[in-house]
Amino acid sequence: MKINLAYGKNGLEWNVPDGYHVDIIEPQWVEGLRDQMGAVTEALRSPIDSKPLKDLVSRDMKIGIIFSDITRATPYHIILPAILKELDHVDPQHIILFCATGTHRPAPPGELETILGKEIAGKYRIIQNDTNDRSQYMHAGNTSSGNQIYLNAELEACDLKILTGFIEPHFFMGFSGGGKAVMPGMAYLDTIRYNHSISMLENENARWGITSGNPIWKDILEAAELLSDLFLLNITLNKRREISGVYAGDLRSAHKKGCIFAKETAMAPVDEPYDLVITSNPGYPLDLNIYQSVKGMSAAMQVVKKGGDILIA
């Protein structure tokens, strides 16, 4: 049997010898939306529990758009033109793009052009999160867990903050997307360390597909909501990295709807655990850095027998 693992940009193909029982555990196939940019535009104009994006913005407002770094597969060549079209009555000098690197390294100029497109990268001011520069941050408040939330001060000063990203199961936050754009995306190092601390990670609800009762996710949501005037645009992707769903509007309700879809399509049940689970560090762009490989390991851990083996490419 030939198997193709997600590995780099083209995958890693190999043959499983005959005589073994093999199951392939992968997301349910969902067709990409036929008109992907049109679907994003429609979501911006008919959002969930919110006025249309265009109606929220006046000409003189300062707008902040948060985008993911290169380690995320969000198709900004589709998403950003649709957003900016709805903001065409706003002076481009009043629009700032925020690269939500969290604790990741900053993106060099060429990489920003890859993410955003050369025209957009050259037209708008871009601020990248720099967790080593304390002067970038202001104290937004504290969460119920006691985390002191320091967020990028220029983001806080924007009249409207547009949070973008894509939703998929996450191994300790439950799901990606949503408030992650703000924290850890645009947060100070100490704030992120508290959220990612062992005391949070060891909670039994800090795991794949769980947000309710998950202290890490609760902390993220509370941190994001310390900022006023938020608008969410999240998408889901299929295996070919095509947009399979668009969720825009209120941070909580739009993200929740996207999580329900992601859980139904991206999380696959198994009948019993396996002796051997073979996985990867799940392909480009996540495998640009080795620490993302913990996601492949963690997914494999959910379906391997006690004392079984995990092989990761």
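Modeller: Glu-111 and Arg-105 join their side chains in a salt bridge, 2.8 Å from N to O. The term stands for a side-chain nitrogen of Lys or Arg within 4 Å of a carboxyl oxygen of Asp or Glu. This is a predicted model, in which local features need pLDDT of at least 70 and side-chain atom pairs count only at pLDDT 80 or more, while totals for chains, interfaces and linings use all residues. Residues are numbered from 1 along each chain as its sequence is written, and side-chain values use heavy atoms, with hydrogens and water left out.

Glu-111 is buried, at 15% relative accessibility, whereas Arg-105 is partly exposed at 49%. Buried means under 20% relative accessible area, exposed over 50%, and partly exposed in between (1.4 Å probe, protein chains only).

A salt bridge also forms between Glu-154 and Arg-125, with 2.8 Å between the closest N and O atoms. This pair links distant parts of the chain, 29 residues apart: Glu-154 is in helix H6 (residues 153–156) and Arg-125 in strand S5 (residues 125–128). Helices (H or I, at least four residues) and strands (E, at least two) are DSSP runs, numbered from the N terminus. Glu-154 is partly exposed at 30%, and Arg-125 is partly exposed at 45%.

The structure holds eight salt bridges, including one between Lys-239 and Glu-26 (2.8 Å, N to O). Lys-239 lies in the loop between strands S11 (230–237) and S12 (243–249), and Glu-26 in the loop between strand S2 (12–15) and helix H1 (36–45), so the pair ties together parts 213 residues apart in sequence. Lys-239 is exposed at 61%; Glu-26 is partly exposed at 39%.
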